[in-house]
Amino acid sequence: MESWKAIAKTKQEALRAAIPSEWIIPAHLVPPQHQADVTSFPRQSGWFTGRELEILSTPAPRILAHLETGSWTSEEVTRVFCKAAAAAHQLTNCLSEIFFDEAIARAKQMDENLQKTGKPIGPLHGLPISLKDNFNIIGKDSTVGFTSLVNDPATYNSTLTDLLLEAGAVLYVKTNVPTAMMIAETVNNVFGRTVNPLNRKLTSGGSSGGESALIAFGGSRIGVGTDIGGSLRIPAACTGIFTLRPSFGRFPNMQTRSGLAGQEAVNSVNGPMASTLEEITLYSKIIIDQQPWTKDPKCLPIPWRPAEPKHRLKLAVLWSDGIVTPTPPVTRALKETVEKLRQAGHKVIDWEPTGHKEMRSLLQRKFVADGGKSVRGLLSPTGEPFRDEMKDYAQATELGVHEMWQIHLERNNLQKDYLQRWNDNEIDGLLCPTTPYSSVEHGKFAYVGYTGVFNILDYSAVSFPCGVKASKGLDASYQSHKALSDVDSQIQKNYNASAVDGMPVSLQLVARRLEEEKVLMMTGVVLRALQGNLKPKL
């Protein structure tokens with residue numbers, strides 16, 4: 001039996017070999033290892049032409065407009081994003097599969113079809129879209145970070161893959177994830193660690209951290225990730241981009257690969273990641289307009305419901321979940337955001353973290369309810385060890401059916417109580433941290449409670465950069481901090497204001513279940529308040 005280390009080495013070499021020689025960064029242009037921020041590379045290296053930079057910086061709706069009229073070709077656009085993705089991978093280790101040749105061939109087909117018919121294939125005609133590793137594409141691996149799944153190419157597409165292709169998208173890369181997609185940092189024994197292009201000493205988050213790194217670098221306009229405890233929102237927050245965590249049933253999740261296959265006590269969902277809210281909304285409407293409920297039996301037949309902007313929102317603010325105090329940059333960002341919202345005429349009330357401790361406990365118990373059997377079963381064929389980050393799975397005890405049923409009853413009661421409190425307060429949404437961090441050094445991401453509770457509740461949520469950046473001058477460690485828990489104590493002890501200096505801070509805006517359109521609308525309203533359009537229309 002080939003050792004897991006040998007399998008990983010061969011896979012990494014094959015991935016590197018899939019980058020054409022003309023897209024290998026010349027040695028004299030490669031940023032030195034000590035250069036933390038590599039997001040400036042495309043603009044400052046001289047390796048990208050002005051035309052290429054124009055395409056990379058154009059939001060997806062405008063790219064699509066160019067593609068639809070034929071003023072830009074899909075082949076040109078696809079080649080540019082393939083080159084940028086190749087650069088992103090060389091500088092951040094963000095990819096897990098590369099299929100540039102197939103993408104360019106498809107792009108040429110898109111162009112030929114447009115020339116012949118005068119009509120685009122679909123609403124995503126010719127647009128490159130990146131996918132997280134667990135979306136199956138026929139003929140490609142979906143390793144989800146396990147060496148035993150290397151060279152085990154998919155024999156069918158995920159439902160979302162088919163929907164994207166039917167809409168005219170061009171698929172060109174898949175992106176790296178942590179082992180089993182169950183670590184809040186993107187690191188595994190197959191590909192190693194993905195780093196944050198804004199600061200390579202910091203994590204890009206997880207489990208959709210390959211996607212967040214690729215998008216933050218500029219190698220994709222729209223990517224798709226998944227979320228079972230924060231796996232969209234955490235990496236989006238670590239890299240200062242946007243994402244939507246939808247409720248289960250809005251977007252198709254059928255036939256994707258999972259590290260905990262069959263675990264449905266907490267449903268995994270997928271959603272878009274992008275540099276702008278506009279792109280998140282565009283993608284969401286296009287996917288729902290494809291009527292995914294006709295392809296995925298678990299999708300709900302809810303068409304897109306445009307939400308009219310509400311000029312006076314009533315929001316609740318969660319300053320702390322009672323378990324972990326947000327680090328100083330996040331607390332400052334929350335304070336400044338609330339102040340601007342109030343100045344803009346919105347009502348903001350305080351929100352107590354009632355039920356949050358119980359929901360966090362539920363989430364932890366559900367993920368290891370099989371006693372770690374799923375993960376162990378995928379590690380054992382190659383003798384691959386548990387990573388230290390997954391010690392909870394290595395040490396877990398399997399729960400019985402009756403115990404799981406009791407957990408479900410507990411969950412149902414918590415969901416009912418939370419909804420009742422929401423309704424009693426007549427709030428539109430809830431504003432809170434996405435994570436306790438702006439980002440954090442590798443190996444130090446220790447808490448997913450701020451995202452995970454909304455997986456238990458199955459609420460719609462957007463993580464968005466709020467315009468605040470961490471500052472070592474403004475965000476010194478708390479003095480005489482009274483820890484809320486052991487994990488809080490550790491997080492505050494590890495906090496390093498210098499390490500995160502200059503990093504964007506993201507917040508989370510939450511709506512009730514199945515209110516995707518509303519939470520996207522509200523995020524737009526909040527952003528307008530933050531940008532200084534302070535007076536709402538009457």
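1. Start with Met181. Leaving aside its neighbours within four places in sequence, Met181 is in contact (heavy atoms within 4.5 Å) with Lys132, Asn134, Val144, Ser207, Thr226, Ser231, Arg257, Ser258 and Gly259. The residue lies in the loop between β3 and β4 (187-188); helices (H or I, at least four residues) and strands (E, at least two) are DSSP runs, numbered from the N terminus. Met181 counts as buried, at 8% relative accessibility; buried means under 20% relative accessible area, exposed over 50%, partly exposed in between (1.4 Å probe, protein chains only).

2. Before going on, some ground rules. This is a predicted model, where local features need pLDDT of at least 70 and side-chain atom pairs count only at pLDDT 80 or more, while totals for chains, interfaces and linings use all residues. Residues are numbered from 1 along each chain as its sequence is written, and side-chain values use heavy atoms, with hydrogens and water left out.

3. An unreviewed UniProt entry lists Met181, Ser207, Ile228, Gly229, Gly230 and Ser231 under "binding site"; UniProt positions are in the numbering used here, feature names are shortened, and annotations may be inferred rather than shown by experiment. They span 51 residues in sequence, yet no two of their C-alpha atoms are more than 10.7 Å apart, so they gather at one spot. The lining of the largest pocket includes Met181, Ser207, Ile228, Gly229, Gly230 and Ser231. On a 1 Å grid over the protein atoms alone, a pocket is an open set of points with protein on both sides within 12 Å along at least five of seven lines, and lining residues have an atom within 4 Å of a point.

4. Gly230 sits in the loop between β8 and α9 (233-239) and is buried, with a relative accessible area of 0%. Neighbours within four places in sequence aside, Gly230 is in contact with Gly206, Pro235, Thr451 and Asn455.

5. Some backbone geometry to look at. The peptide bond from Gly206 to Ser207 is cis, with omega near 10 degrees, and Ser207 lies in the loop between β7 (199-203) and α8 (209-217). Ala180 is not a glycine but has a positive phi of about 65 degrees; Ala180 is in the loop between β3 and β4 and counts as buried at 1% relative accessibility. Asp458, also not a glycine, has a positive phi of about 60 degrees. Asp458 is found in the loop between α16 and β14 (461-469) and is buried, with a relative accessible area of 11%.

6. On to the sheet. Eleven strands form an open sheet with mixed pairing, in the order β1-β3-β2-β8-β10-β9-β14-β15-β13-β11-β12; two strands pair if DSSP finds at least two bridges between them. β1 (95-98) and β12 (347-350) stand at the edges, each with a single partner strand, so one side of each has no neighbour in the sheet. Strands β8 (residues 222-227) and β10 (residues 269-274) run antiparallel and are joined by six bridges, and Thr226 stands opposite Asn270 in β10.

7. Last, the helix packing. Helix α15 (residues 401-425) and α16 pack at an angle of about 100 degrees, with their axes 9 Å apart; axes are lines fitted to C-alpha atoms, for helices over the stretch in contact, and angles run from 0 to 180 degrees between N-to-C directions. That makes α15 roughly perpendicular to α16 (the class covers 65 to 115 degrees). Arg411, Leu414, Gln415 and Tyr418 of α15 make the contact with Phe454, Ile456 and Leu457 of α16.

Conventions. On a 1 Å grid over the protein atoms alone, a cavity is a set of points where a 1.4 Å probe fits but cannot get out, and a pocket is an open set with protein on both sides within 12 Å along at least five of seven lines; lining residues have an atom within 4 Å of a point. Angles under 35 degrees count as roughly parallel, over 145 as roughly antiparallel, 65 to 115 as roughly perpendicular and the rest as oblique.
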